[in-house]
Amino acid sequence: MRNLFSRPRALATVAVVAALSATLAITRSSSASDHQDTPEVELSPRMDMNDVYAFPGASADRIVLVMTTSSPITPAQSASASFDPNLLYQFKIDNTGDGVEDKVIQVTFSGTGTSQQMTVRGPVAPTTTGTMNTVVSTGPSLTGAVNTNLGNAASLQAFAGIRDDPFFLDLEQFFRIVPDRKPVTGALSKLPDQPTASAFRPAGQAVDYLRGINALGIVLEMPTAMLTDGGTKKIGVWGTISR
Amino acid sequence: MPIRNRVLATLGALALIAVAGACNDDNNDVTSPQGDRVYVQVERLGNPLVSEVFLAKRNHGFHNAGKPSTDVANHAAELEAFVTTVAGRDAAVANTLATVLLPDMLIVQTDKATSSAGWLTWALANGYGGRKLTDDVVDAGLSAIFGNLLSPNNVSPGLTTDNVNQNDKPFLTTFPYLAAAN
């Protein structure tokens, strides 16, 4: 591996993997596509969004939106895991191609633990676009307990609660390739300080580092027309967390 | 009124005002959202791996506090420079990646066949796009950056897949789709 540093392209390769693994881990034992990507969210896991998904629902005219936060949560930590009632979780949808949200779905929580309540507002036009937002004035679309399927399969459905982290990757091997990015605590911190690999492990030997790890998930399903309303059939979706 | 009683009455009135003030301090009641409370964005995510792979760590906060409409202006140059100078790929690969990943949103062509759903299929195959739970986005990203997904030149065969191709638990076929907690 050390030889790689004498070859510019290989060095570039190492740098890319380093960058890739940087946010896949950093501290503790995290990983995923956006886990713990700044010190601020790292120190406040409930602010840390891990992944966003958008895919077809139960029928061709329905769409599912998923946001995961707070990973890694171990099984032992899961009973007490809850969403932060001080935060505003949003899905934003651009349906006019300008990168500005035309619809928002706002999710908030009250209480803590297993008795926590979820409130969903929208899809609706936002009061303000951009990075400073207020809760829309329209009433809740759905309210109810976490860890419960809410809503109607013909309209809006919502679920929020502790689930298996859906992300998967061989994070340990990332740190064998680029050990300078390994965490300072936990099992992964005990990997050698010097590179001990220059490629990923072969199939059969590679290990999903997030096996058995949980995340807090928000899942919504609705008629796609609720998101394309007033715009085009081509939409852009992103998630935000605000405090 | 004797002076002592007047003082006591004044103190009592002040106390009442103080109590009333405290009771009216509803703006700190953050557990029930209010229309006048301004929430400030601290985290943002559209496409997986974008800020993690292409943007320097010091710029992640900048990306998190931003919005798609300014992504091209704020992040395209850094993304393209990373692909050409760090990953050693040609400008065409860099341009393609910047075009499909910025503005940083999951693009969904909702009028396309749902069978074509998957990360970046809207760009690669004029498909539905979005991102499925089963999508191996790490491999997709690695194959674009190191492999021949976008170009046959300057590939790094050992780094195009992490050989973890699916989740440890099967996803549900019905709502809420995410597998039960461990």
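This is a predicted model: local features need pLDDT of at least 70, side-chain atom pairs count only at pLDDT 80 or more; totals for chains, interfaces and linings use all residues.
Strand 11 of chain A comprises residues 234–242, and because eight of its nine residues are buried, a residue being counted as buried if 20 or more other C-beta atoms lie within 10 Å of its own, the strand is largely enclosed by the rest of the structure. Within chain A, strand 11 pairs in the antiparallel sense with strand 3, which covers residues 88–94, and seven bridges link the two; in this pairing, Gly236(A) of strand 11 stands opposite Asp94(A).

Strand 11 of chain A also pairs with strands of chain B. With strand 2 of chain B, which spans residues 106–109, the pairing is antiparallel and is made over four bridges, and here Val237(A) has Leu106(B) as its bridge partner.

In chain B, helix 4 (residues 71–86) packs with helix 5 (residues 91–101) at an angle of about 145°, and the axes of the two helices lie 8 Å apart; their crossing is right-handed. Helix 4 of chain B contributes Ala76(B), Leu79(B), Glu80(B), Val83(B) and Thr84(B) to the contact, and these meet residues of helix 5 of chain B that include Ala91(B), Val93(B), Asn95(B) and Leu101(B). Sorted by class, the residues in the contact between helix 4 and helix 5 of chain B are nine nonpolar, two polar and one charged.

Methods. Residues are numbered from 1 along each chain as its sequence is written. Chains are lettered from A and ligands numbered from 1 in the order in which they are written. A residue is buried if 20 or more other C-beta atoms lie within 10 Å of its own, exposed if 12 or fewer, and partly exposed in between; C-beta atoms are placed from the backbone. Two strands pair if DSSP finds at least two bridges between them. Axes are lines fitted to C-alpha atoms, for helices over the stretch in contact, and angles run from 0 to 180 degrees between N-to-C directions. A crossing is left-handed if the near helix is turned anticlockwise from the far one by less than a right angle, and right-handed if clockwise. Two residues are in contact if their C-beta atoms, placed from the backbone, lie within 7 Å. Ala, Val, Leu, Ile, Met, Phe, Trp, Tyr, Cys and Pro count as nonpolar, Asp, Glu, Lys and Arg as charged, and the others, Gly among them, as polar.
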